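Visitor: I have a structure open and some questions about it. Can we go through it piece by piece?

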Amino acid sequence: MSEPIRVLVTGAAGQIAYSLLYSIGNGSVFGKDQPIILVLLDITPMMGVLDGVLMELQDCALPLLKDVIATDKEDVAFKDLDVAILVGSMPRRDGMERKDLLKANVKIFKCQGAALEKYAKKSVKVIVVGNPANTNCLTAAKSAPSIPKENFSCLTRLDHNRAKAQIALKLGVTSDDVKNVIIWGNHSSTQYPDVSHAKVKLQGKEVGVYDALKDDSWLKGEFITTVQQRGAAVIKARKLSSAMSAAKAICDHVRDIWFGTPEGEFVSMGIISDGNSYGVPDDLLYSFPVTIKNKTWKIVEGLTINDFSREKMDLTAKELAEEKETAFEFLSSA
């Protein structure tokens, strides 16, 4: 058995965490021989609920869980972390402007970035899920200057998985027959789900998705809007936001950071855009196609970008630049 790793989940009394914690505890994310100390953080009014979550984790009797710590204190939560999964954020309320949402979250992620800086290991891997995820992630990274910014990523894997699933459904194959879809940009309705480099396995052969589907108008229209608006569709149907699928995507994202991506496959995650070759401005937290090896990501190079893609990639970059500007105005005054 290896040494236990310390894994923090914030917003731990919430519904995404409720779907996530069992998978972390049972070895599906960090492997079946990796013991875990699981740290659960939430706000003080949620501590009663969090105690219930703690009881249930104890009652799962999971052999890999060496300890579970439930707290509302940042100095306890962020101490000596190997992995931080930042799920908790201020949710959007009815009649709330995106700007107000940004403002509330800048404050939260500035504090959590500062706590990472002060208490966590410098090698900590930080995954931001709470929305607006890209800008929250950038805020946290900026607030933890001594942790490499490459260690910060935000979740666009749910969008990635949604795109894979739509293609698989349309072609009547399973999702693992589809690979190399890309989510470019922001985890918002301006994201660009791109399948121009994606492949699908049909009758044992790998075919480009455009060739396989022969339906360009669907791929350039309804497919994109379905993926962009899937979160809203789930809320409309369930009256609650995506939790099971979000938790599954977090597991996929973190497992790939930990163990790497399969040969010949790439995945989507929001990362710092510095030095990219796709014309995305530096210093944005933007979703790119990446491969991962030795817990280090690399942007996939050399993909051709047509005019259709270019326009969509620029649009989502523009939104991110505007979000960043708004967030940083609040940051300097916060």
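Guide: What follows is a short tour of a predicted model, taken topic by topic.

Visitor: Which residues does UniProt mark as "binding site"?

Guide: The UniProt record, an unreviewed entry, places that feature at Arg92, Arg98, Asn131 and Arg162. These residues are spread over 71 residues of sequence and are also spread in space, up to 23.7 Å between C-alpha atoms.

Visitor: Where is Arg92 found?

Guide: Arg92 is in the loop that runs between strand S4 (83-86) and helix H4 (98-119).

Visitor: What is Arg92 in contact with, leaving aside neighbours within four places in sequence?

Guide: On that basis, Arg92 contacts Glu97, Arg98 and Leu101. Arg98 is itself one of the positions in the UniProt feature.

Visitor: What does Asn131 touch?

Guide: Not counting residues up to four places away in sequence, Asn131 touches Ser89, Met90, Asn105, Asn136 and His187.

Visitor: Next, Ser188. Buried or exposed?

Guide: Ser188 is buried, at a relative accessible area of 11%; the cut-off for buried is under 20%. Ser188 sits in the loop between strand S8 (182-184) and strand S9 (192-194).

Visitor: Which residues does Ser188 touch?

Guide: Arg98 and Glu319, if residues up to four places away in sequence are not counted.

Visitor: Change of topic. What is the strand order in the open sheet of three strands?

Guide: The order is S7-S10-S11, and the pairing is antiparallel. Strand S7 (178-179) and strand S11 (205-208) are the edge strands, each pairing on one side only.

Visitor: How many bridges pair S7 and S10?

Guide: Two bridges, in the antiparallel sense, join S7 to strand S10 (residues 199-202). Lys179 has Lys199 in S10 as its bridge partner.

Visitor: On to the helices. At what angle do H1 and H11 pack?

Guide: Helix H1 (residues 15-25) and helix H11 (residues 244-259) pack at about 40°, and their axes are 8 Å apart. That angle makes H1 oblique to H11. The crossing of H1 past H11 is right-handed.

Visitor: Which residues meet there?

Guide: From H1, they are Ile16, Ser19, Leu20 and Ser23. From H11, they are Met244, Ala246, Ala247, Ile250 and Cys251.

Visitor: Which residues of H1 are buried?

Guide: Ile16, Ala17, Leu20, Leu21, Ser23, Ile24 and Gly25 are buried in H1.

Visitor: What covers them?

Guide: The cover includes strand S1 (5-10), strand S2 (36-41), helix H2 (47-59), strand S3 (65-71), S4 and H11.

Visitor: What comes after H1?

Guide: Gly27 follows H1, and its phi is positive, near 95°.

Visitor: Last one, Pro262. Where does it lie?

Guide: Pro262 lies in the loop between H11 and strand S12 (267-272). At 44% relative accessibility, Pro262 counts as partly exposed.

Visitor: How far apart are Pro262 and Ile292 in sequence and in space?

Guide: They are 30 residues apart in sequence, and 8.6 Å apart in space from C-alpha to C-alpha.

Definitions and conventions. Residues are numbered from 1 along each chain as its sequence is written. This is a predicted model: local features need pLDDT of at least 70, side-chain atom pairs count only at pLDDT 80 or more; totals for chains, interfaces and linings use all residues. Side-chain values use heavy atoms; hydrogens and water are left out. Helices (H or I, at least four residues) and strands (E, at least two) are DSSP runs, numbered from the N terminus. Buried means under 20% relative accessible area, exposed over 50%, partly exposed in between (1.4 Å probe, protein chains only). Contact means heavy atoms within 4.5 Å. UniProt positions are given in the numbering used here, feature names are shortened, and annotations may be inferred rather than shown by experiment. Two strands pair if DSSP finds at least two bridges between them. Axes are lines fitted to C-alpha atoms, for helices over the stretch in contact, and angles run from 0 to 180 degrees between N-to-C directions. Angles under 35 degrees count as roughly parallel, over 145 as roughly antiparallel, 65 to 115 as roughly perpendicular and the rest as oblique. A crossing is left-handed if the near helix is turned anticlockwise from the far one by less than a right angle, and right-handed if clockwise.
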